[in-house]
Amino acid sequence: MANELKILIVDDDDVDRMAVRRALEKSGLEVEITEADGAATALEALRHGNFDCALLDYLLPDGDGLSLLRDTRAANISTPVVMLTGQRDERLIVELLRAGAADYLSKNELSGETLCHAVQTATRLHSAEQEKLRAHDKLKQAHRELQASHQQLLQSEKLASIGQLAAGVAHEINNPVGYVYSNLGTLQKYIDNLFQMLEGYARLETLVSDKETLQAVQTLKQELDLEYLKEDVRDLVSESREGISRVKGIVQDLKDFSHVDEAEWQWADLAHGLDSTLNIVNNEIKYKAEVVKKYGDLPEVECLASQINQVFMNLLVNAAHAIEERGTITVRTGTEGDGAWVEVSDTGKGMDAEIQKKIFDPFFTTKPVGTGTGLGLSLSYSIVQKHHGKISVDSEPGRGSTFRVWLPLRQPKQKAAS
Ligand SMILES: Nc1ncnc2c1ncn2[C@@H]1O[C@H](COP(=O)(O)OP(=O)(O)O)[C@@H](O)[C@H]1O
Ligand SMILES: [Mg+2]
């Protein structure tokens, strides 16, 4: 029967046990009764029996009710216990209630009615308590989830604003860098012209009859070290042009990486995204690892490029962090099925199975406070999921780790809102 109460009667005295059983059966409660005749058997029964209520004689041959009660609580058994005592002893009663007894009854006043009342109250209180605990757990879980999504939101907000800042700065720098670059080109030409002119004048030197003037010009030439100056000025200009070209490249990478103008689904070249991301995180990586690229031929992939770059960035930075002294980071790409994959492998410290289970959890980090947020991989996971892709890891302590991201080339018709 569904509403039947499972009850354990614990008493070493057969007659007493029978009396309790009879009284219960007559009380009108639907009960299924199990009996035990000592503390040890009772504890064993409680461990496995899933009882709604236990009626415990206080005096047992192998221990008293109080220690049995404490043992059950220590064993995490929450079955409500109604203690049956010999005579009324106020101090004992207080102690029993403190130890977690739901109620107590004096054996002299046992009747169907008192038992029924005690059992019903105890079970009701118990299930209310359980319900409260469950609700509390759910609340705690909800709170954790809320906190996690709040952090993710903050993180993605932060990334978005960094991206915007980067793109803004890149845009501002673009213009001056552009004209410095082009002016340097012109300057180079002018300098060549000036030198030509200078050579023209040098040819006139033979015609100068005024020795003093000639002497002065030659001294000046030596003092200024004209020969060296001619060579060096060309080098300076071409080095400057090279420097400015590099700045142009960085600006372009920043723009590519942040994709601020294109927070839309688009067809993107993953290798290009990897390259610009590698340039951005170069500083974090270059002292730790040599980067080896093994790109296969990839068609364009329909994605939110800035977010996918974000994933690449997390994987690359993690790979660099995993390498203690010096190592190699290998970036591979290829196609599989109707999708493209990217792998980031490192020769770093690797992870055991326990850690691997948790790495995609928000806030899970093994890095010291201030270094790790524990959000990189959980964010990457949700980005890849949004793309209907997969992210997986293969790792072993001491050998290194390989993270693999697989993305479908084309998104299903019903795209997740970005
Ligand atoms: N390539 C890797 N090698 C070893 N452990 C890694 C690697 N990538 C991630 N992990 C582990 O996963 C954890 C979570 O990574 P992540 O979510 O990026 O957070 P964070 O980098 O802030 O710690 C790291 O703290 C680290 O323990
Ligand atoms: Mg990280």
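**Reading the surroundings of ligand 1**

Guide: Please keep in mind that this is a predicted model. We can begin with a polar contact, which is a pair of N or O atoms within 3.5 Å; here a backbone N or O atom of Gly 374 lies 2.8 Å from an oxygen atom of ligand 1.

Visitor: Which side chains have an N or O atom at 2.4 Å or 3.3 Å from an atom of ligand 1?

Guide: The side chain of Thr 366 has an N or O atom 2.4 Å from an oxygen atom of ligand 1, while in the side chain of Ser 401 such an atom is 3.3 Å from a nitrogen atom of the ligand. Of the 530 Å² that ligand 1 exposes when taken alone, the protein buries 95%.

Visitor: Which elements give two or more residues to the shell around ligand 1?

Guide: They are helix H9 (305-322), helix H11 and strand S14 (400-408), and the largest share, three residues, comes from H9. Sorted by class, the shell has eight nonpolar, nine polar and two charged residues.

Visitor: Which residues come nearest to ligand 1?

Guide: Of the 19 residues around the ligand, those are Thr 365, Thr 366, Lys 367, Thr 373 and Leu 377.

Visitor: How should I read a helix such as H11?

Guide: An α-helix has 3.6 residues a turn, so residues three or four places apart point the same way. In H11, which spans residues 376-386, the buried residues are Leu 377, Ser 378, Leu 379, Ser 380, Ile 383 and Val 384. After H11 comes His 388, whose phi is positive, near 60°.

Technical notes: Residues numbered from 1 in each chain as written. Chains lettered and ligands numbered in written order. Predicted model: local features only at pLDDT ≥ 70, side-chain atom pairs only at ≥ 80, totals over all residues. Heavy atoms only, no water. Buried < 20%, exposed > 50% of the residue type's maximum accessible area, 1.4 Å probe, protein only. Helix = DSSP H or I, 4+ residues; strand = E, 2+ residues; numbered from the N terminus. Near = heavy atom within 4 Å. Polar contact = N/O pair within 3.5 Å; in protein donor to acceptor, adjacent residues only side chain to side chain. Areas by Shrake-Rupley, 256 points an atom, 1.4 Å probe, with all protein chains shown as cover. Nonpolar A, V, L, I, M, F, W, Y, C, P; charged D, E, K, R; others polar.
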